[in-house]
Amino acid sequence: MFYPFKPNGPFKCGIRDFSFCDGQPVLQPDKHCCGRIFYPTTAKPPNIFSRISNVCLWLPHICYGIGYTKFLFFWVRSDKRWRVWLARLGVQVALTVMGMLCGLSATYNAPLAARSLSAPEPVANSEICNGEASDGKDALPKPAAARGSSKGEVSGEEGEDDQAPHPLVFFSHGLAGNRNTYSSICIQLASLGFIVVAVEHADGTASTSRLAPQFSLVEDKKGNPQRQRQNEWLFYAGLGDEQAQVQKTRFRVQELRTALRLVEAMNKGLAVEGLWVSGAEPHSLRQGLLDTGSWLRGRVDLSRVAVAGHSYGGATAALAACEHYPEFKAAVAMDPWWGALPPDCPILASGSWPSQAPILVLGSHAWNTPHPVTQKMACNGERQEILLSAAAGCKSTETGMAAAGAAGGVSGGSQACLQQGGGMEGK
């Protein structure tokens, strides 16, 4: 077992899987949602047996290896030649073995950390980060890491008064991703005190999506209705035409909103019918329900909710922040694929950014450099220019939108970045 990535934040990372379905036989984004929750923790496995039983693998199931392989060979899926079959088998075995030998620097079902870095303890005016004297006007409190152990870790021995809520981030994966594809980003954010909900989209763009248990009514040989469990795994199904892509993007955004509703319910300590969370115990008051909310009760700062994503997920995050503010109060789009945006969205239809949510667009050089032959950018440069211009000229935000390097990102192929201060600080 090897761990290719280790976070450098003061917290350790805990992981819980979740799935939600209200029993509908047809997948609907407002009735179904699944994914993984990354969150800060201070707990350590008490012994080697607990450490082994709670180990988190980059490929938690063999079907995730199958899903990656199906995506890689999607365009030759109808080729029945033995060479293709042998290559597919070799890739699948290699991916599965490597994925199951690769561990995540996280503990499964660990308790949530009692303190958030975003809400430091009150300290004396003379206690400042650089240790110098102060007149009290510009004194800064030490970060939580400095008040923890000598190794920079936050102590877990706090009382109820110290249980400050954690900011919340929803992460939308790119094409062929899943709940673990961006685990290094999610684990790093969790180590810094964020609760990160990595939604595993069930629109057919994920390489593998583990669906919530679903049942449909079928008739037996005697005509009596019986419940039959449907397929638990959904693999990559292709993008389809432009209309299908628009439907997938809308599906993704609604899944993010459904995940937000579930977190809101868990933050209230509610046991939601149809919701399963790993590590949850049977509810003591209502038979048939799991106590999915007590571990998160009152621990989420719903005034600071951001949405982030990469590629297809970057466009999903931008659309969610644009159309559903104040549900999502900030957005981060990494190498977004703007071709996934619906033509009727406000950004493209009117060239405006109607939301008060700030957006940060991060573009790599390769993704924002025109192709030498077609002179087109992979990110869809025409749409990106519309979005950057709309966001840069936005007048509805509280602190104003500043465009940094937008012109270079659109015309010259350098990084494009839009930022607004104070968005994640709840100002």
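F170 counts as buried because its relative accessibility is 0%, buried meaning under 20% relative accessible area, exposed over 50% and partly exposed in between (1.4 Å probe, protein chains only). F328 is buried too, again with a relative accessible area of 0%. The structure is a predicted model, so local features need pLDDT of at least 70 and side-chain atom pairs count only at pLDDT 80 or more, while totals for chains, interfaces and linings use all residues. Residues are numbered from 1 along each chain as its sequence is written, and side-chain values use heavy atoms, with hydrogens and water left out.

On to the rings. The structure holds 11 aromatic pairs; rings of Phe, Tyr and Trp (its six-membered ring) pair if their centres lie within 6.5 Å, with planes under 30 degrees apart counting as stacked, over 60 as edge-to-face and the rest as tilted. One of them joins Y39 and W295, whose ring centres are 5.1 Å apart with planes at 55°, so this pair is tilted. Y39 sits in strand β2 (residues 32–41) and W295 in the loop between β10 (275–277) and β11 (300–310), so the contact ties together parts 256 residues apart in sequence. Helices (H or I, at least four residues) and strands (E, at least two) are DSSP runs, numbered from the N terminus. Both Y39 and W295 are buried.

The rings of F170 and F328 have centres 5.9 Å apart and planes at 90°, so they meet edge-to-face. This pair also links distant parts of the chain, with F170 in strand β4 (residues 166–172) and F328 in the loop between α6 (312–323) and β12 (330–334), 158 residues apart. Elsewhere, ring pairs gather F71, F74, W75 and Y236 into a cluster.

Charges turn up over rings as well (NZ of Lys or CZ of Arg within 6 Å of the ring centre and within 35 degrees of the ring normal). K70 places its charged end over the ring of F235, 5.4 Å from the centre, and R252 does likewise over Y312, at 4.3 Å.

Helix α5 (residues 242–267) has 26 residues and should span 38 Å at 1.5 Å a residue, which agrees with the 38 Å between its end C-alpha atoms; the expected span is 1.5 Å times one less than the number of residues. Just after α5, G269 adopts a positive phi of about 80°.

As for confidence, pLDDT (the predictor's confidence in each residue, from 0 to 100) averages 79 over the protein, and 72% of the residues score at least 70. Residues 119–151 fall below 50, with 39 contacts in the model beyond near neighbours in sequence, a contact being heavy atoms within 4.5 Å.
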